[in-house]
Amino acid sequence: SYAGAAIQVRRSSDNAVQDIGFIVGGNLDTISLKAFATTNACYVTTWYDQSGNGMNATQASSVNQPVIVTAGTVERQNNFPLITFSGSQWLSLSMGFVRATYPNATVNMIYQNTSLTGSQGLWGCDDGGWDRLQLLNFAASPSVAYGLSNGGCTVANATNNTNQNIYTAIMNYGAANGTYVVINGIAGTSFTEGGGGSTGNLAIGAIGSSGSYPFIGNASE
């Protein structure tokens, strides 16, 4: 029933912005996107919340906005549009993730790391305290990748590769062994969440709205 736009984009040539919606079937309206971009780049300023709760993911700083069009060409993988993060781009949501307030949550993303340099966060709400709930990729130790960090990084179910991966975090705060991560259909060991979550705002493409541990790669949904 959602009738709004998918994203708002900014054109590099004149900083004009425009909402981009969907075509029949729910795919992104890339024809309108390319018509707006012409031969320019376009950056995502807002990824709209479709739930009706108004929790849009936004980035006001132009240098920190992820790209979706480069020189008039829509960024794609497997023919699907995607948003590219190059190590200093992220989107912030106007909500924290205190686990007692939001005990049951699911995060789904199709992502691809294009570089395995440094520690990266696909999403998160890290305010410097535990629980630090996010995907972390510790590339300094290629054998270690954490699908979900919970204090001591108790769940190690992620992949250190440059393939496109399907990521799902299923979180049930207060339930014994109620939280686990699924990567490409393979579930990791479940665990019991400790701590109370973060008061910092959620982010996509980093582990918090300050942009720490920025993601280097892309997300197609």
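Strand β12 gives the most to the lining of the largest pocket: five residues. The model shown here is predicted. About 770 Å³ of space lies in this largest pocket. Its lining has 23 residues, and the closest to the centre are Asp49, Met55, Leu93, Thr106 and Ile204. Which elements give two or more residues to this lining? They are β12 (104-113), β14 (123-124) and β20 (203-204). By residue type, the lining of the largest pocket divides into 14 nonpolar, seven polar and two charged.

The second largest pocket holds about 540 Å³ of space. This pocket is lined by 23 residues, with Gly26, Leu28, Pro81, Ser220 and Glu221 nearest its centre. Two or more lining residues come from each of β7 (76-77) and β8 (80-81). The lining of the second largest pocket counts 12 nonpolar, nine polar and two charged residues.

**The whole protein**

Now step back from the pockets. The protein has one helix and 21 strands. It is built from 221 residues, of which 48% count as buried. The accessible surface of the protein comes to about 9,800 Å². Carbon and sulfur atoms own 51% of that surface.

Contacts tell another part of the story. Take the contacts in the protein with a separation of 6 or more: 62% of them join residues 24 or more positions apart.

**Strands that pair**

| Strand pair | Sense | Bridges |
|---|---|---|
| β1 (residues 7-11) and β2 (residues 17-20) | antiparallel | four bridges |
| β3 (residues 42-47) and β5 (residues 67-70) | antiparallel | two bridges |
| β5 and β6 (residues 73-74) | antiparallel | two bridges |

Start with β1 and β2. Isoleucine 7 stands opposite isoleucine 20 in β2. The two strands form a hairpin with five residues between them. Which residue in this hairpin takes a positive phi? Asparagine 15 does, with a value near 65 degrees.

Next comes β5, which pairs with β3 and is also joined to β6. Valine 69 sits in β5, and cysteine 42 stands opposite it. Valine 69 also has a bridge partner in β6, namely valine 74.

**A proline in a loop**

Finally, find proline 214. This residue lies in the loop between β20 and β21 (216-219). Is proline 214 buried, partly exposed or exposed? Its relative accessible area is 21%. Buried means under 20%, so proline 214 counts as partly exposed.

How far apart are proline 214 and glycine 87 in sequence and in space? In sequence they are 127 residues apart. In space, their C-alpha atoms are 5.1 Å apart.

Glycine 87 is also one of the contacts of proline 214. Leave aside neighbours within four places in sequence, and proline 214 is in contact with Gly87, Ser88, Ser119, Gln120, Gly121, Gly205 and Ala206.

How values were computed: Residues numbered from 1 in each chain as written. Predicted model: local features only at pLDDT ≥ 70, side-chain atom pairs only at ≥ 80, totals over all residues. Heavy atoms only, no water. Buried < 20%, exposed > 50% of the residue type's maximum accessible area, 1.4 Å probe, protein only. Contact = heavy atoms within 4.5 Å. Areas by Shrake-Rupley, 256 points an atom, 1.4 Å probe, with all protein chains shown as cover. 1 Å grid on protein atoms, 1.4 Å probe; cavity = no way out; pocket = protein on both sides within 12 Å on 5 of 7 lines; lining within 4 Å. Points joined across faces, edges and corners; volume = space filled by probe spheres on them. Nonpolar A, V, L, I, M, F, W, Y, C, P; charged D, E, K, R; others polar. Pairing = 2+ DSSP bridges.
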